[in-house]
Structure formats: structure tokens, C-alpha cells
Amino acid sequence: MKILVSALEPSSNLHLKEVLKHSSDVELLGIFDKNIEEGTPLHDISEMAIMGVVDALKKLPWFFKVADEMVALARDADKVLLMDASGFNLPLAKKLKKAYPEKEIIYYILPQIWASRPKRALKLEQYCDRLLGILPFEVDYYPQGKAQYVGHPLLDEIDVHRNEEETKNIITFMPGSRKSEITRLMPIFLELRRKLGNDIRPLLVIPPSFSRNKIAKLYKGNREFEIVRNSHEALRRSEFAFICSGTATLEAALIGVPFTLAYIAKKLDFFIGSKLLNITHVGLANIIFKAHDNTLLHEELLQEDVTVDNLLKAYYNTDREIFAKKAEELKTYLGHGSSLNVAKILMEDRC
């Protein structure tokens, strides 16, 4: 079976690899990680990366060209699999459905329409045949009923087991992976590490793709930490974590590590998110719990509240027992992984 894939993000490609473990006799076409053996990508994901609005505008004509190339490639594909990256994949879905109205288009890792622009649900249902959600509550946003919950990929990908007795005094610091996040949080995390004293063992999570030069420029004071390149391994070893935001908050919750979210956005971005889009929480685990039973899992320190004193209070005041109980509730709510279910859907009615 030939499948046209559009997986632009590193995280999407991790999820794709899990799906392929449950698939057989599959050839991939399109855009995906060059290390995936099931095909040769039209463009590697590194070419698709953009930094900011200016970069996006400069590359816009090229993205239009790539979309046309994908439509041409789809002629030989049995099915289409679009993953995340709605800025590229939603317009691509429209082009594909117009060119091949009978070809099945599957969207896995749906856009976060529950956070902003809910009207995109109508377009997704218009251009796609199957919508595969990874959060139980998000499927309710699709009025035509095309969306289904397939499970969460992290439940397939997290294979570490934490032993509480082995984590004493080990604390993980995760200042993010973007330059702006790191430069805002790292000085605060460094001062916090010093305030916590030498009795703790501090782990600093740095993406595996970062070079020594990049680390030296971005992570001032990194020599006062033990650098760990695998976030799951760092969290497995830790009694507590300070995390920037994003998927890492959900990873920590599923591994069972109590944590506090610390996030400092650009003032304009924060204003748009909080005032115009009415975003009340930024931690994915908190967003899930808010939708599930209107409770929260962890503390969120945002903007001016990200101070060393507030982070220290969070460390000492977090109720570990309540966190552990709710972390188990989260696993129960998500239920199971998604990769096997997605593979079964891809393999249905194979030619």
C-alpha cells in the first residue's frame, strides 16, 4: 500500500514510527523524516522548519510549490495521512480533496481547535474523511461526527518506569527547546538551582540535536547541571521537575513526576492568548483535566510570576500524594495508546 504522508514536525515523525511498527507492506510518499525506512521523502522535515512570521512569509511561495508537488504525488497513493501542522496540512487537504474526491484523507494529531479558531472543524470535516483525535474531549468539537478518539501516542512511547525511592533530591529543569524560551528561563533556573543548594542533584534537559556551540550560547551556567539529552530518562530519575510548557508537561504527568510549569511568553503573544483567545491554561495536562472534570493537576507560573521565590514555594508546597493520585486518573482517562488503532485504520480496505 502506498500512503502519501505529510509529517512536518519531529514529534509527528516519532508518532509515525510507532504507527509503522504495526503496519506491513507499506511504502511512504511525501514529507517525513529521512531516517524512516519505508520510503524516500520528497522533502526532509528540516527543510520545512520556519522561525517566526518573517521567515514564514519568505518561504510562502516555496510552500505553495511543495503543496503542488504533494498533490501530484498523491496520484499514485492509495491513502493520504496528514499529521499535525495545520498551517500546511489543512490547505493541502483542500487541494487533495479537490483533485481526488474519492481518495481517503486521514488526519491524525488534530489541530487544537479547542484552544482557538473552532470554525476550522468545519473545514477539516469537509476536506478529510477520517479525523483521528488523541484527546478524548476534542472529538466533541466536530459536528458531523467524523472525529474519533484513537488513544494518545505518548502511552505507546513512554517506556520508562519510575521508582520513587531512587529519585530523592534529583530535580529536572526543562527550559524548552526554542531560543526565546531558553534565554528567558535559563537565568531564573540557574539562580533557582543555586538557591536549592548542593544537596540536590540537578538535571538539565537539552534536545539531542543541539551542538556544543549552541549549548554554550543558550544555556549559560549549564556546567552547574548534569546534562541529559533524553527527557523521559531525566524525568524517570527525578523527584520533581520545573518545565517550560508543551508536551513535556504531559510526559511528566504520565511518568508520575510532580512538577510546576514556568512559562514566559512575549508580552504581545501573552496578551493575544489570554485576552483575545481566552486561553486560561497552557499546560497540556491541565487543559486535559479542565475538560475532563474541571480540576487541575499542577501549578502554572506565568510571565511576572516566574520568580525564584515562587518556584521554590511550588517545590516545597506541592502535595506529592494528590499529584500521584491525579496522575493515575490521567492515565485512566486517556486509556490507551493510539499507534495500533491508527495502523488498523490505515490498513483497512488495502489494495
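**Figure 1. Buried residues of helix 12.** In helix 12 (residues 284–293), the buried residues are L284, A285, N286, I287, I288 and F289, where buried denotes under 20% relative accessible area with a 1.4 Å probe, protein chains only. Helices (H or I, at least four residues) and strands (E, at least two) are DSSP runs numbered from the N terminus. The model is predicted: local features need pLDDT of at least 70, side-chain atom pairs count only at pLDDT 80 or more, and totals for chains, interfaces and linings use all residues. Residues are numbered from 1 along each chain as its sequence is written, and side-chain values use heavy atoms, with hydrogens and water left out.

**Figure 2. Packing partners and end of helix 12.** The buried residues of helix 12 pack against helix 10 (247–255), helix 14 (320–334) and strand 12 (299–302); contact means heavy atoms within 4.5 Å. Following helix 12 is N294, which has a positive phi, near 60°.

**Figure 3. The aromatic pair F173 and F225.** The structure holds 12 aromatic pairs. Rings of Phe, Tyr and Trp (its six-membered ring) pair if their centres lie within 6.5 Å; planes under 30 degrees apart count as stacked, over 60 as edge-to-face and the rest as tilted. F173 and F225 form an edge-to-face pair, at 5.2 Å centre to centre and 80° between the planes. This pair links distant parts of the chain, 52 residues apart: F173 belongs to strand 7 (residues 170–174), whereas F225 lies in the loop between helix 8 (212–218) and strand 9 (226–228). Both F173 and F225 are buried.

**Figure 4. The aromatic pair F210 and Y219.** The ring centres of F210 and Y219 are 6.3 Å apart and their planes stand at 55°, so the pair is tilted. F210 and Y219 are both buried.

**Figure 5. An aromatic cluster.** One aromatic cluster is formed by F173, F189, F225, F240, F242, Y315 and Y316.

**Figure 6. The protein chain as context for the close-ups.** The protein chain has 15 helices and 12 strands, and its C-alpha atoms fill a box of roughly 60 × 40 × 40 Å along the principal axes. Buried residues make up 52% of the 351 residues. Among contacts between residues at least 6 apart in sequence, 65% join residues at least 24 apart.

Key:
Buried < 20%, exposed > 50% of the residue type's maximum accessible area, 1.4 Å probe, protein only.
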